[in-house]
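I opened this entry to keep track of what I looked up in the structure. The notes follow the order in which I went through them.

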Amino acid sequence: MMDLAILSTSIFIAEWLRLSVLGIDILLSTEALIAKFLFPIIIVPVMFSVGCYHSDSIRSSKVFFIRLFVSFGVSGVLLFATAYLFPFLPLWRSILILALFVAVISVFLGHFLFLKVLWQKRWNRRVIILGAGDKAKYVSDYIQSARESGLRVVAVCKVPGEAVKVSHAVSIENYTEFDKFALTEQAELIIVANDKADSQLPMEAMIACKLQGIEVQEFSTFNERVRGYVKLESLSAEWIIYSEGFKGTNDVELVGKRLLDMLSSCLLLMLMLPVMLLTGLIIKLTSRGPVLYKQQRIGQFGERFELLKFRSMVLDAENEGAPIWAAEKDPRVTVIGRFIRTTRIDELPQLVNVLRGQMSFVGPRPERPYFVEKIGGEVPFYRERHYVKPGLTGWAQIQYPYGASIDDARRKLEYDLYYIKNYSLVFDLLIILQTVRVVLFPSGAR
């Protein structure tokens, strides 16, 4: 919201500065106002796409400035293209250049000052953690390390009968009067993070806290909201059944998702067709074998389909035995293969799978049958990810690097379950936008 205000102000200031030199009043016609509001409407989504609002951009001014510079470069191209395609809009090039210059400085300073204020403890929500075991330590350590969470732990309270893992945990003299302690500490949020399900919790005092305006969250809900994944260790079948999410999709959402799949795939195919043709030609000229690689994958409801990729490995890379995960600096990967894997170009033929209806544009990544059997036997709730269509991109792909082990599969499943639980078309659109950040600033590709 702050950036929208800064950008809107910047375009008005730039126009006023430019036109005042020419002795012309500021333009306030309908076309002129539309042109002005296109400025923030184009730039903010681009900033979101390249990761200007991602946690690492919040933590580091250097990372934010690099991404801000990239986003304004892309936005400049889009704005000049808009001015060319819609000549009736008064988007003067001189005004746009001046507005971009004013805006990039203003946005950077705005973020810098905003974060200076945000980091001050008095602005953070006061948190009490109820519990002092492993879960409580996990929550406490996360809040202390993630300044962008806007939270501050004011007390960690021991629960009778539980092992203490947090050194600064305190005991409340009268445990049944926990609500008085919370009010004394001016708590705004209580996180229930007891390790044992049968722990003695001060239920009446917690009800009193909630009725007096203090928010109460249990561990799984807190972790899901702040971390963006469902922690497997705290997951149960009952929680999946009774939680507000995991509602599937209704007919309207299914139609909307399919339309989004078709629109996104066709648009990306048109934009990337020259890149795909060039990639296919280079693969053919530099290595022996077919351009496209077909591989069996598990789709929705466990059905198998042939996934298409540009071949990035040498011919017959897995002829020696059972399938294996791609390793870092894998010797089977060709020179051009390494580049197209890093830039995700090798995934582009899967747009055909999306158009065929075998995949969605957004969803959990489809895995090979061998690995599904292997992982499914060791990781609980792994097969539940197959109740939705697999995707070309997804929440796990933009939040976690390449998975090449059972532990990685477990972590990615936590993100996949979060996506399935919180699915919406808006969420799909946000993931598509954030995929741009992953492509521009690759991490963990193999």
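I began with Phe 301, which counts as exposed because its relative accessibility is 58%. The classes I used are buried for under 20% relative accessible area, exposed for over 50%, and partly exposed in between, with a 1.4 Å probe and protein chains only. Phe 301 sits in the loop between β5 (292-298) and β6 (304-310). Its phi is near 60°, a positive value in a residue other than glycine. I noted the background: most residues other than glycine have a negative phi.

I then looked up Arg 344, which is not a glycine either and has a positive phi of about 65°. Arg 344 belongs to the loop between α12 (335-342) and α13 (350-356). With a relative accessible area of 24%, Arg 344 is partly exposed.

**Model and conventions**

This is a predicted model, in which local features need pLDDT of at least 70, side-chain atom pairs count only at pLDDT 80 or more, and totals for chains, interfaces and linings use all residues. Residues are numbered from 1 along each chain as its sequence is written, and side-chain values use heavy atoms, with hydrogens and water left out.

**Overall figures**

I find 17 helices and eight strands in the protein. Helices (H or I, at least four residues) and strands (E, at least two) are DSSP runs, numbered from the N terminus. The protein has 446 residues, of which 46% count as buried. The C-alpha trace spans about 75 × 70 × 45 Å along its principal axes. For contacts between residues at least 6 apart in sequence, 74% join residues at least 24 apart; a contact means heavy atoms within 4.5 Å.

**The open sheet**

What is the order of the four strands in the open sheet? I read it as β2-β1-β3-β4, with parallel pairing. Two strands pair if DSSP finds at least two bridges between them. β2 (151-157) and β4 (215-218) are at the edges with a single partner strand each, so one side of each has no neighbour in the sheet. On average, neighbouring strands of this sheet are turned by 25° against each other, direction ignored. Axes are lines fitted to C-alpha atoms, for helices over the stretch in contact, and angles run from 0 to 180 degrees between N-to-C directions.

I checked the β1 to β2 pairing: six bridges join β1 (residues 125-130) to β2, and the two run parallel. Val 127 has Val 153 in β2 as its bridge partner. Helix α6 (residues 134-145) packs on the sheet and touches β1, β2 and β3 (189-192). The direction of α6 makes about 160° with that of β1. Helix α9 (residues 219-227) lies across β2, β3 and β4 and runs at about 95° to β4.

**Cysteines**

How many disulfides does the structure hold? I count zero, where a disulfide is a pair of cysteine sulfur atoms within 2.5 Å. The cysteine sulfur closest to that of Cys 209 is in Cys 157, 10.0 Å away, which is too far for a bond. Cys 209 is buried at 1% relative accessible area, while Cys 266 is partly exposed at 35% relative accessibility.

**Pocket and cavity**

The second largest pocket holds about 930 Å³ of space. Of its 34 lining residues, the closest to the centre are His 54, Ser 55, Arg 227, Gln 399 and Arg 437. α17 gives the largest share of this lining, five residues. On a 1 Å grid over the protein atoms alone, a cavity is a set of points where a 1.4 Å probe fits but cannot get out, and a pocket is an open set with protein on both sides within 12 Å along at least five of seven lines; lining residues have an atom within 4 Å of a point. Grid points are joined across faces, edges and corners, and a volume is the space filled by probe spheres set on the points.

I find three cavities of 30 Å³ or more in the whole structure. The largest cavity has about 50 Å³ of space, and its lining includes Ile 11, Lys 36 and Trp 92. The elements giving two or more residues to that lining are α1 (2-22), α2 (30-49) and α5 (93-118).
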